[in-house]
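Please keep the sequence and the structure in view while reading.

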Amino acid sequence: MRRILSGTTVALEALSYFFSKNEKLYGIDKPTIKINNVEVLVNNSFASAFKKGENDLSVEYLCDKGLPYKLDYQYYTLEAPKSENIPIILETKLKSETSKVGETNRMTVTVKNKINGQLPMTTAKIGIPAGLTLQNALLKDLIDKKQISYYEIFDNYLVLYWENFDANETKTINLDLKVEFAGEYTGKASNVYLYYMPESKSWNEGIKARIKP
């Protein structure tokens, strides 16, 4: 640990020295960052600047030179975007929106091929509300019964894969979820898409679950 901290300190000192000696080359001015024309400041919450739909983010240097920067962001949606001209559709539904800790609550996932033709590998990302948990033994059983080809679990998503869909085929998957924690929860919006066309998705709004003690 001491060596790592020492190495990081040396690297920061080297960078500081480099930029202090190269102000004319890179400048020392910080950029102005705005979300929908609201300036982002240090220790300032700007969540209210966002709006539904498209948002405008701008990064502007007031001078001709400035330090390079890198922007990372991520988000998820509870409201399903509109889906148009997509050959496959998804429906997710809980048997009961209200349940009690210790019970099981069935989620039904229905995926339908809308066209009169085969579809290649298909992926469905199912948002699981917090408070409900998947049962791995039942998921493995879905593979054994060839109801799905493969599955993954991450970030409160259950991701299901099918190698293909026949013309006009509908696949129905029943998931018995364990009711674990009391509260009110809303899962992330679910979606389905062709594996090689992830930019075109059919969406469902996030499922709501009310769990009593």
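Does Lys 171 count as buried, exposed or partly exposed, and at what relative accessibility? Lys 171 counts as buried, with 16% relative accessibility; here buried means under 20% relative accessible area, exposed means over 50%, and partly exposed lies in between (1.4 Å probe, protein chains only). The model is predicted, so local features need pLDDT of at least 70 and side-chain atom pairs count only at pLDDT 80 or more, whereas totals for chains, interfaces and linings use all residues. Residues are numbered from 1 along each chain as its sequence is written, and side-chain values use heavy atoms, with hydrogens and water left out.

**Salt bridges**

- Side chains of opposite charge can pair when their charged atoms come close.
- A salt bridge is defined as a side-chain nitrogen of Lys or Arg within 4 Å of a carboxyl oxygen of Asp or Glu.
- By this rule, the count is five salt bridges.
- One of them joins Arg 106 and Asp 176, whose closest N and O atoms are 2.9 Å apart.
- This pair links distant parts of the chain, 70 residues apart: Arg 106 is in strand S6 (residues 104-113) and Asp 176 is in strand S11 (residues 170-179).
- Strands are DSSP runs (E, at least two residues), numbered from the N terminus.
- Arg 106 is partly exposed at 35% relative accessibility, and Asp 176 is partly exposed with a relative accessible area of 25%.
- Lys 171 forms a salt bridge with Glu 169 (2.9 Å, N to O); Glu 169 is partly exposed, at a relative accessible area of 21%.

**A salt-bridge network**

- A network of salt bridges links Glu 97, Glu 184 and Arg 210.
- Within it, the side chains of Glu 184 and Arg 210 meet at 3.5 Å, N to O.
- Glu 184 lies in strand S12 (residues 183-186) and Arg 210 in strand S15 (residues 208-212), so this pair ties together parts that are 26 residues apart in sequence.
- Glu 184 is exposed, with a relative accessible area of 63%, while Arg 210 is partly exposed at 32% relative accessibility.

**The sheet**

- Strands of a sheet pair through backbone hydrogen bonds, either parallel or antiparallel.
- Two strands are said to pair if DSSP finds at least two bridges between them.
- Four strands form an open sheet in the order S4-S6-S11-S8, with antiparallel pairing.
- Strand S4 (88-94) and strand S8 (132-133) stand at the edges; each has a single partner strand, so one side of each is left without a neighbour in the sheet.
- S4 and S6 pair in the antiparallel sense over seven bridges, and the bridge partner of Lys 93 in S6 is Thr 108.
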